[in-house]
Amino acid sequence: MLCLLLAALHSMTPAYAAADLPKLTLDSIFTAEEFKEEKLETLRWSKKGAYYFSLESTGKDKDGKDLPSKDLVRHDIATGIQTIIASAKTLTAPGAKKPLSVDSFEFSPDESQVLLFANTRKVWRKNTRGDYWLLNLAGQTLRKLGGDAALATLMFAKFSPDGHRVAYVHKNNLHVQSLADMKITAVTADGSATLINGGSDWVNEEELDLRDGFRWSPDSARLLFWQFNTQDVKRFTLVNHADGRYPRVTTFPYPKAGEKNSATRLGVVSAEGGEVTWLNVPGDPREHYLPHAEWTPDGKAVLLQQFNRLQNTLRVMRADPATGATQTVLTETDKAWVENKNTFRWIGDDFLWLSERSGWRHAYRVSMAGEVRPITQGEFDVIEVRLVEANGGWLYYYASPSNATQRYLYRIRLSGGEPERLSPADQPGSHGYDMTEDAQWAVHTHSTAISPPVIQLVSLPDHKTIRVLKLQKMLLEKLAALKLPKVEFLRVDIGGGIFCDALCITAQDMDKSRAHPLLMHVYGEPAGQTVRDVWSGQRGLWHWMLAQHGYVVASVDTRGTPSPRGRDWRKSVHLQLGIMNSKEEAEATKALLARFPFLDRQRVGIWGWSGGGSSSLDAIFRYPDLYQTAIAVAPVPDRGLYDSIYEERYMGLPKANAEGYRLGSPITHASALKGNLLIVHGTGDDNVHYQGTEKLINELVAQNKRFTVMPYPNRDHAINTGEGTQRHLYELMTNYLHRYLPLN
């Protein structure tokens, strides 16, 4: 029934002629946000029964938008009955006029109390600092954690396994608060501006996704935690000129490629405080990374992972939490780099491991003695592990063996055997699942490049729809009333037996007797895949808008992008990032021009963001006779200016690969610029620093090159804060294309 409804909505058209159908506009996409999809509120599965919990708006305002006040609601999976277990009134702090603005919530193990994360603040990429409140469901009471701590200064709070205490980070120290008497114990006391306990420094957070830096022991008696000493790490400074009469300066440790890193170590401390036992991890603490560490299920040991600085060797070590002694359990190596994809997942006393040792990314079962047994096998990649359901003996994972642009859910016995696809065969595209621990239920999200996300509650493994949570009916009706473009997936032959996945967007009624400008959208680096059969939101709609007006918008995933096409595909760019991928991008562009005679060779443009901004610079500098126009958003013009973990993973150390860094940096080739270049950058970008753009500006000036720069004051890497920013950015880029990549 759902598929029939979707098909009907897609086929809906107004009564007037197809030629008169309206088109997308910048206003409708970015200002009015008419095509914004419905998103599901954060939910938590119950561990006590067939329920889930979510924060639900208490109603609608006069414009039909959800009110900010929310109730905490329990949903019965089988019946759909909703029960308010804490009203917005209950979620109002004593003396406050409005309910708490809650970002997320967690239940205690017995589900009698809820930890509410509210009044949050952004710390680099995510909101990880705020206030924590304890909600007692029986008494319907709220208590604020942290004692007299200043507003919005607590981080990463979580219940102990026995539910009697909460641990959190405050001012770079670990604290434990008793829920019986609210007594607070500082279990570390040496935290400072340069010594971080229980959190992470900038580069480990950004590149290894390490934010929450502590773990409760299973018996609730001890805490395992990371410590980062940033004292000798060189500082980077951001200057905010826009928010006052005088500049406001932010300075933080940021190790660029080849520079000194933080000293990192792991410690174990009693939840009552006292001496720390430091784990005896061999090697210089500034020359390795510790991306993962967890208690074993019995709490008798700690399992940790250690990367060497080049990230081509990853060791798994077992540590004694009483003495700190360690021994190596497993060593994973790669001539290029080892991926950081191994969050610890337990199979009894064994753990799950992802490895590319066979040439494909597969799942293995590893014992504490280091015995490695394969679970998945064959010429396909495990894209991501979704769940280990050890009691039932199943591994659930995403894969797409026959189409690298799509994603489906599979399961396989932990003992191996034949995999079973659970995602429906009649729903091509991309599937995502938020599953219960026993794998009986899941929130299933399905979308394609032309269909927005439909969100359902399903049972597994039969994949039966229990109810539809978000159908996107209004959005589908709006899309059906438009003159939508044609979206086509294809393979592009770039020579040497290499075929790249590509996406091509054109107007449905495009006049192929006329020449049309080609705009390439690129990322081109190991951190991003652009050619995916998945809904791409506002950016994708902007591409549609351009196609409706006569542009041909295309994207190609060259080697080095993280497509599920095997280890060699992904790692062929090692030590030559910016060199190989820019060459293959150019070959793909030439192949598209040769394949489609309606493309104008004299009107070829390229654009991208972050790594895609760098790739856009590479394109117009290295291949000036191919590309006439480029838009580079937040690019890295000089690879030596980006962070240590990312650049060294793919390019090695600058001293060892000096020529690779030189040739792989767009700025090296800036003198060859012939065409039209727009550079866009936020001056408050803590990730890819505006410094690089300024350095490029100097080089282009020295070479007497014509170019355009748009700095967005104090915006970060996403360039989406501040009133009207996103609308302004996309209008800027649209107008630039109309001027320098004109439609006939």
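Leucine 592 touches Leu490, Val492, Met520, Ala554, Val556 and Leu599, leaving aside residues up to four places away in sequence; contact here means heavy atoms within 4.5 Å. This is a predicted model, where local features need pLDDT of at least 70, side-chain atom pairs count only at pLDDT 80 or more, and totals for chains, interfaces and linings use all residues. Numbering starts from 1 along each chain as its sequence is written, and side-chain values use heavy atoms, with hydrogens and water left out.

**Nonpolar cores**
- Leu592 also turns up, with Phe621 and Leu677, among the residues with the most contacts inside the largest nonpolar core, which has 41 residues.
- Helix α7 (residues 580-595) gives the most to this core, with five residues.
- Apart from that one lies another core, of 37 residues, including Leu26, Leu519, Met545 and Tyr551.
- A nonpolar core is a set of buried Ala, Val, Leu, Ile, Met, Phe, Trp, Tyr and Cys residues joined through side-chain atoms within 4.5 Å; buried means under 20% relative accessible area, exposed over 50%, and partly exposed in between, with a 1.4 Å probe and protein chains only.

- Helices (H or I, at least four residues) and strands (E, at least two) are DSSP runs numbered from the N terminus, and two strands pair if DSSP finds at least two bridges between them.
- In β42 (residues 629-633), five of five residues are buried.
- In a regular strand, side chains alternate between the two faces of the sheet.
- β41 (residues 599-609) runs parallel to β42, joined by five bridges, and glycine 605 has threonine 629 as its bridge partner.
- Going from β41 to β42, the chain passes through helix α8 (residues 611-622) in a right-handed β-α-β crossover; with the strands pointing away from the viewer, the path from the first strand over the helix to the second runs clockwise.
- β43 (residues 676-682) is also parallel to β42, again with five bridges, and isoleucine 631 is partnered with leucine 678.

**An antiparallel sheet**
- Four strands form an open sheet in the order β25-β26-β27-β28, with antiparallel pairing.
- β25 (346-347) and β28 (372-374) are at the edges with a single partner strand each, so one side of each has no neighbour in the sheet.
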